[in-house]
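Subject: Structure handover and findings

Hello,

Please find the structure below. My notes on what was found in it follow.

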Amino acid sequence: MSESKSNSGIKKLLSVNGASVFIAMIVVAILFEIILQIVKGGGNGLIFLAPSNLASILRQQLYIGIIAFGMTLIMITGNIDLSVGNQLTFLCCVCAIIMMQTDNAFFGIVGTIALGGLCGLFNGFLVSYVKLNSFITTLGASSIFGALALMVSAGTVLVIPDNCSKAFQWFGTASFGPISILIVWFILVAIILGFVLSKTVYGQQLYVIGANPVSARFSGIKYKRNITLAYVITGLCCGLAAVVTMANVKSSNPQAASGAEMEVILCVVLGGCAVNGGKGSVWGTIIGVLFYGVLSNGFTMLNLPTYMKWVVMGLIMVFVLSMDVLKGRGITLWKKKQ
């Protein structure tokens, strides 16, 4: 009797969105710690699981995480945005130019975030109102944003002076005791979008659109407006990520974030968001971001080639997507015990 209760408890735990990925992340982190202790000899305390390294993992994934929260809304509707990487690069370049020319924190911060919203509006309008395929549309938009980044930067690295506006620097370097403001932005965006998805009518309508777009159209849901708004929110997240990045590192390479869209999508998929829409959560995306950060940091500490990391990431994405498709078709890989 007790055994059956414990089994049911484990099943309930694993049914929670992101729980299985969270457990896998802990296991992988422990494995990295063991491997690093063997490779580096050990005897000096924790290496991978050291608090300083764990904090470093979170800081490194902050801009990816902020964008991934917005991407969660888009993927819940059954769409995708492949332009967020070059969109981030373009917005970083614009932010750098504004600060170099005006040194005005208000223009730099608000202008960059607002431009991000306009980039999202451009994608959302084409996908929802013009009814273009989101994959092809945002792939084309990615090329446009990448070209704009090269154009505005003249193909050179843009550097914001160290003596720029203190208000702008505060946006990316301030701290509240041991807590960096970068973590505050990450948590704040997670709370806001988590609330939107779970507690608002708009959030619930996104799930309906993703689960059954046909019935959503005939049930009075403003299908086009809701999808467009999801893209605008993602654009705003890209703008915020650009400002946070520039306030922190003060330099922008016109090709620095090219390919970041794959990292964002991987984080969202690892968090349990269904590719076909109708399923996903901000909590799951947080777990996906942390899991990706653990894997990326572990490969770096082991001095493994970058291509090996992407091979592993690709295999993980293919596996997760395959399991999602099989589950959607009602196919199980093993039979439950009677």
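Helices (H or I, at least four residues) and strands (E, at least two) are DSSP runs, numbered from the N terminus. On that basis Val269 lies in helix α13. The model is predicted, so local features need pLDDT of at least 70 and side-chain atom pairs count only at pLDDT 80 or more, while totals for chains, interfaces and linings use all residues. Residues are numbered from 1 along each chain as its sequence is written, and side-chain values use heavy atoms, with hydrogens and water left out.

Overall picture

The protein has 15 helices and 4 strands. Of its 338 residues, 48% count as buried (under 20% relative accessible area; exposed is over 50%, partly exposed in between; 1.4 Å probe, protein chains only). Taking contacts (heavy atoms within 4.5 Å) between residues at least 6 apart in sequence, 76% join residues at least 24 apart.

In α13, 10 of the 11 residues are buried; among them are Glu261, Glu263 and Cys267. Val269 is also buried, at 5% relative accessibility. Beyond its neighbours within four places in sequence, Val269 is in contact with Met75, Val320 and Leu321. The C-alpha atoms of Val269 and Leu321 are 7.6 Å apart, although 52 residues separate the two in sequence. Gly272 follows α13 and has a positive phi, near 100°.

Helix α10 covers residues 201-211, and its buried residues include Tyr202, Gln205, Leu206 and Tyr207. The cover over the buried residues of α10 includes α4 (62-76), α9 (181-199), α11 (213-218) and α12 (223-249).

Second largest pocket

A pocket is found on a 1 Å grid over the protein atoms alone, as an open set of points where a 1.4 Å probe fits, with protein on both sides within 12 Å along at least five of seven lines; lining residues have an atom within 4 Å of a point. The second largest pocket holds about 440 Å³ of space, the volume being that filled by probe spheres set on the points, which are joined across faces, edges and corners. It is lined by 22 residues, and Gly78, Asn79, Ile80, Ser134 and Phe135 are the closest to its centre. At least two lining residues come from each of α6 (105-129), α7 (134-153), α12, α13 (260-270) and α15 (306-328). The lining has 14 nonpolar, 5 polar and 3 charged residues (Ala, Val, Leu, Ile, Met, Phe, Trp, Tyr, Cys and Pro count as nonpolar, Asp, Glu, Lys and Arg as charged, and the others, Gly among them, as polar).

Cysteines

How many disulfides are there? The count is 0, where a disulfide is a pair of cysteine sulfur atoms within 2.5 Å. The sulfur of Cys95 has its closest cysteine sulfur in Cys92, 7.2 Å away, which is too far for a bond. For Cys238 the closest is in Cys237, also 7.2 Å away and too far. Cys95 is buried at 0% relative accessibility, and Cys238 is buried at 0%.

Positive phi

Most residues other than glycine have a negative phi. Asp103, in the loop between α5 (84-102) and α6, has a positive phi near 55° and is partly exposed at 37%. Asn303, in the loop between α14 (282-301) and α15, has a positive phi of about 60° and is exposed at 68%.

Regards
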